[in-house]
Protein chains: 10
Amino acid sequence: MPTQPSRELEAIPNPHPGRDYEVRCSTPEFTCICPRTGQPDFATVTITYVPGESIVELKSLKLYLWSYRNDGAFHEDVTNRILDDLVAALAPRRMTVLTEWLVRGGIHTSVEASIP
Amino acid sequence: MPTQPSRELEAIPNPHPGRDYEVRCSTPEFTCICPRTGQPDFATVTITYVPGESIVELKSLKLYLWSYRNDGAFHEDVTNRILDDLVAALAPRRMTVLTEWLVRGGIHTSVEASIP
Amino acid sequence: MPTQPSRELEAIPNPHPGRDYEVRCSTPEFTCICPRTGQPDFATVTITYVPGESIVELKSLKLYLWSYRNDGAFHEDVTNRILDDLVAALAPRRMTVLTEWLVRGGIHTSVEASIP
Amino acid sequence: MPTQPSRELEAIPNPHPGRDYEVRCSTPEFTCICPRTGQPDFATVTITYVPGESIVELKSLKLYLWSYRNDGAFHEDVTNRILDDLVAALAPRRMTVLTEWLVRGGIHTSVEASIP
Amino acid sequence: MPTQPSRELEAIPNPHPGRDYEVRCSTPEFTCICPRTGQPDFATVTITYVPGESIVELKSLKLYLWSYRNDGAFHEDVTNRILDDLVAALAPRRMTVLTEWLVRGGIHTSVEASIP
Amino acid sequence: MPTQPSRELEAIPNPHPGRDYEVRCSTPEFTCICPRTGQPDFATVTITYVPGESIVELKSLKLYLWSYRNDGAFHEDVTNRILDDLVAALAPRRMTVLTEWLVRGGIHTSVEASIP
Amino acid sequence: MPTQPSRELEAIPNPHPGRDYEVRCSTPEFTCICPRTGQPDFATVTITYVPGESIVELKSLKLYLWSYRNDGAFHEDVTNRILDDLVAALAPRRMTVLTEWLVRGGIHTSVEASIP
Amino acid sequence: MPTQPSRELEAIPNPHPGRDYEVRCSTPEFTCICPRTGQPDFATVTITYVPGESIVELKSLKLYLWSYRNDGAFHEDVTNRILDDLVAALAPRRMTVLTEWLVRGGIHTSVEASIP
Amino acid sequence: MPTQPSRELEAIPNPHPGRDYEVRCSTPEFTCICPRTGQPDFATVTITYVPGESIVELKSLKLYLWSYRNDGAFHEDVTNRILDDLVAALAPRRMTVLTEWLVRGGIHTSVEASIP
Amino acid sequence: MPTQPSRELEAIPNPHPGRDYEVRCSTPEFTCICPRTGQPDFATVTITYVPGESIVELKSLKLYLWSYRNDGAFHEDVTNRILDDLVAALAPRRMTVLTEWLVRGGIHTSVEASIP
């Protein structure tokens, strides 16, 4: 039976919480639905963070991003929602989410949001 | 109301049927479902053809490729099916379909099928 | 009936006004007329901004940039005018407009203007 | 007074008609109007030919390509028309016209036509 | 329990045996042991083939390539052995194996073997 | 007899300890075992440091990195352990370790840790 | 009659003097004579500035750079002289001149000078 | 005293006349004068040949190409003249001259001529 | 004691003499002395061959190429001599030697020789 | 008679000592001998400096770098020695020397040293 997409992000203990270090996860496999046109949009998503007590489990991150596949989501909104969900799950010391979207109407769009 | 995906490919009359010339259409926005794992796969699809009496209407091509989004499809099979469907709709003098898939299990796969 | 070019930029509400985040829109499809020679000029336009209460609606941005197609415009002037128009429409917290022009007389020119 | 676009291609005598040699002219500055949507399209046009008794005068080629700026033209059609016009003006021994269009609906299209 | 490396290549039925088409599988994750120095070697392996009645199952290909990890293998020998094993398992109509090795002693080496 | 992998890092005297200068060592030949799946992982490891009284002997660094070949190691953990071992052996004035891993589950991961 | 090279740089009024913005002009078409060997040298010249009351007219810049064609000029000297002449003509708020020379004696040289 | 440009090409004996082998000489340092506008043109010149009894002495080739610096020369003509001069001096078994010119009027031009 | 450069090329038995396959060895670490100027020249050497009964031992190839370090050698001559020496030592079914030299006098030179 | 390598660096007067500006000289043609193995090493050397009263004469720099050809020199040591020699000869206001070495044992090494 296939794995199911999921909004649950799994946090696992940071093996080196005593040091500030940076983790970067990037995937070109993000797709969602444009709420305006009902057509698919595609993006590369890059998450960069300094972990606190937790790091993200990579398979749960994959399933989390997959869960947007049939969601209507504006570029600006989905970027901030991914950031909010990851911050809620991981309580990182710093985090940035960058989405770089394939061209629509001749325009390349990207959105970058950070905490703090 | 959003446009719906569709398996209908629209053929429009070739404006220069007296000459063999080549048309190439390529998109990085193809996604389907892996029948083995139930997880999304992503590919760049490139269609190269010498039209006969018809050329493909680009919006119908976009909707046709979009229609695979929730389909289970093996790499080798989907490439040949796209070729078969385009040949049936357009009766081109020559045609090649190339699919280049994002890496799975550390392996990059591509499939290329042609007529005649 | 085809869409018409327009100087109207549509502002839509920023879905996350409580956070400073950055949006970048870039297009290689900008063309206007050189006021000195009457010949077409071509540029890539890149707009980077931190939204305030509004974000730009992408289709209106496309039509806005299209509206320069038959306009006489110096490189330095058009860059500042695009910045002024976007600032007036969106009241962003920060904004930069960069235009990168195709070579004329063997010289590549680019212009970058920002607020504040 | 600015130069005017023109459909007239100027042929000048080939300085070495006794030898088959190849000339290539390429420009990223081609734009026309999509007859379906009324919106601008952009392409790089590359012309490769073996001259007969004539070579093309470059300024007349520039004005010729500029003359499409306000024309409605399908990708496949405009490519063949440019080839036909250049063949009529220059009577080359061989010629290929390649147009590579900026992405529309997520699809990159190119068209290549040749004589003989 | 983790998957184990294996020399067994799984052949699955070719879904379109009536047509000659080409499949390419490439991985930068190949490593074996240099029989001369006992030190690890690294290569990108690219397999290109026209299937007959069978195509290779990708997970079994991954495990097969993994099985060389603790094997002593000369560049020229391992390339031909991979080709022999794949030909024995799949009976392809045509096949090429290319190995491109990371630099040793300042020299970049690659080996390419084909049938028929 | 082949060289054996080793966890011993050899420190040799810094020939210019009176000056802060930067040394960078980078290798695409790092591989270890994923503790979750038992399968091989691959990374490029880049070590950048300002030496104190010692610099690293390059052959011992090669053997040290090779010693991870049959080790189970999480991305975040192994990066910090390499940093800890190098700091213990060399007492550098500054040091950064960056690991960039080949894609797993469609996700590219990198980890960067530094002292002080 | 052909245009003549000229040391006269034409300044035209800055259309937006109330804002600090940056203009960049770059050309790979600079050549002068090496005073040591009498042989031609070639460079790419890049001028980046924030205009004050004036911007440079591009045709006069082209003719100014062309005027070095038969001049003997050392790399370091010509870079500073171009900067001095542009500063004298334009009174910019900031300006940088970068020259990047084609290889001589196996050595690539570049020179960058700025005001203030 | 500086070296002077010269139309004399020096031929030196081919050290391996018994074998057909290929020599390629390429330089981005070619400049001449446009006969139409009186302005400088710039090109990369690439000469590829199979020597007969002679090979070209490289310094004389450099001086020969330099001799065009103050010459008026059309793209198509200069390419064929360089080929004619080299063929006269070297009597090669095969030779191709390719000139690739910097953009003029938005158009990139290249010319390629060969014997036999 | 350091390894010494040597003109001896070691041939080892081809492990798969029953099949025509291609081996490519390439190194950017070739240097010799220009017989005309007495100054060092640098090249990338690429050897491509189909082995007969023998393949080249890589360490002996490294020492062989190193042996040119203090040799005066013209580009055309050294390329043919490397080919002759490798053919004498290995009796390959086909072989090509390509040398690509760093720029001298503004000119990039490469030489390619093959048997049969 | 060929030019001889030399440790003498020639300083010539800075033509613009009243301004801080930057000169960069870079060459891929550096080679020396590894003191540990006796085998040749290869590096790209990049020197970046702000001149004081003197600039370096480029031919003397070429001969100076050439003088290491038969010298045994560790990566870290030779980088600092080049910096020391150039500082002694030129008394620059700022200077950085970067050496980037070709791969040894699978490891790419670079060293960067600066004054002040």
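## Where chains A and F meet

Start by selecting strand β2 (residues 21–33) of chain A together with β6(F): the two pair in the antiparallel sense over six bridges. Pairing here takes at least two DSSP bridges between the strands, and strands (E, at least two residues) and helices (H or I, at least four) are DSSP runs numbered from the N terminus. This is a predicted model, where local features need pLDDT of at least 70, side-chain atom pairs count only at pLDDT 80 or more, and totals for chains, interfaces and linings use all residues. Residues are numbered from 1 along each chain as its sequence is written, while chains are lettered from A and ligands numbered from 1 in the order in which they are written.

Now click A:S26, which stands opposite F:H108 in β6(F).

## Over to chains D and H

Next, pick strand β2 (residues 21–33) of chain D and β6(H): six bridges join them, and they run antiparallel. Zoom in on D:R24, opposite H:S110 in β6(H).

Finally, show chains D and H whole. Chain H can be laid on chain D with an RMSD of 0.0 Å by a turn of 72° and a shift of 0.0 Å along the axis (a least-squares superposition on the C-alpha atoms of residues with pLDDT of at least 70 in both). That is the relation of a five-fold axis.
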